[in-house]
Amino acid sequence: MSTAAADAPPAAPRPARRHDKHVGRWIGAALTVIALLVVVLGTKVVPDGQEQELAGPAEFDKSTFGAEEFPAVQEQITERAVPATELAPALLEDPEATAEEHGIEAAGNTVYSTTFTGTVGEGQAGIYDVAIEGMPEDVTVRLQTGPAINGTELRDATGSYDFGQFTNQIEFQDAGAALNDEMKKQVLDPVDPSTLSGKTITVTGAFTAINPEGWLVTPVSLEVQ
């Protein structure tokens, strides 16, 4: 190899071709268009008045749910209430038709709202028999007064609440317990259950017809005469 060839400076890099520049520009423009499409397609126009529906159910708060919801539950049960002397024979005669007309289906059972006036008998563990004039002899009506209020009749009797409105089963159960607790504060705390035996009471409440001949009523109003 000659000395001249060895001493020759390295060849200068060839300038980038215009074609490469154009390709880069097209790629950048395409990425911009894709980004804009993602934004547009991911944007949903919400009609007025539907914001809450699209946002999903409000966050559940057991500490406030009962106080906020019980007045509406009380009103709806009162509006739906069928006199016990009418409801009892209808249930015995045709439970399916009665359920369709007056009941609310919940967890495979039917919940009814009712109202009655009767005489309180002996009680045990806060549950009292109530003798109601005009009731079928085979039907026994009992009233629960606490301290423990069992069941979810207040939650289920109106049809206003279902599992899909809550995050999980625990919240759904807590909703029923919160309504029971608020009912106790407003309806049962002013009454001394130990003094009820022998007295006449007027009750509006709800019960689950597990047995149409045995009612356990959870009250939403209780008047002692």
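**Exercise 1.** At what angle do the axes of helix H5 and helix H6 cross, and within what distance do they come?

*Solution.* The model is predicted. Take helix H5 as residues 84-93 and helix H6 as residues 95-102. Their axes cross at roughly 135° and come within 6 Å. Angles over 145 degrees would count as roughly antiparallel; H5 and H6 are therefore oblique to each other. Next, list the contact. Leu87, Ala90, Leu91, Leu92 and Glu93 of H5 meet Pro95, Thr98 and His102 of H6. Sorted by class, this contact has five nonpolar, two polar and one charged residues.

**Exercise 2.** Describe how helix H4 packs with helix H8.

*Solution.* Start with the geometry. H4 (residues 62-80) and H8 (residues 169-188) pack at about 70°, their axes 8 Å apart. Angles of 65 to 115 degrees count as roughly perpendicular, so H4 is roughly perpendicular to H8. The crossing is right-handed. Now the residues. H4 contributes Lys62, Phe65, Gly66, Ala67, Glu69, Phe70, Val73 and Gln74. H8 contributes Asp174, Ala175, Ala178, Leu179, Glu182, Met183, Gln186 and Val187. By class, the contact of H4 with H8 has nine nonpolar, three polar and four charged residues.

**Exercise 3.** Characterise the second largest pocket and its lining.

*Solution.* The volume comes to about 210 Å³. The lining has 17 residues; Ala106, Ala107, Thr152, Arg155 and Asp156 are the closest to the pocket centre. Then assign elements. Strand S2 (104-106), strand S3 (109-124) and helix H7 (153-156) each supply at least two lining residues. Finally, count classes: eight nonpolar, four polar and five charged residues.

Methods:
Residues numbered from 1 in each chain as written. Predicted model: local features only at pLDDT ≥ 70, side-chain atom pairs only at ≥ 80, totals over all residues. Heavy atoms only, no water. Axes fitted to C-alpha atoms, helices over the stretch in contact; angles between N-to-C directions. Helix = DSSP H or I, 4+ residues; strand = E, 2+ residues; numbered from the N terminus. Parallel < 35°, antiparallel > 145°, perpendicular 65-115°, else oblique. Left-handed = near helix turned anticlockwise from the far one by under 90°. Contact = heavy atoms within 4.5 Å. Nonpolar A, V, L, I, M, F, W, Y, C, P; charged D, E, K, R; others polar. 1 Å grid on protein atoms, 1.4 Å probe; cavity = no way out; pocket = protein on both sides within 12 Å on 5 of 7 lines; lining within 4 Å. Points joined across faces, edges and corners; volume = space filled by probe spheres on them.
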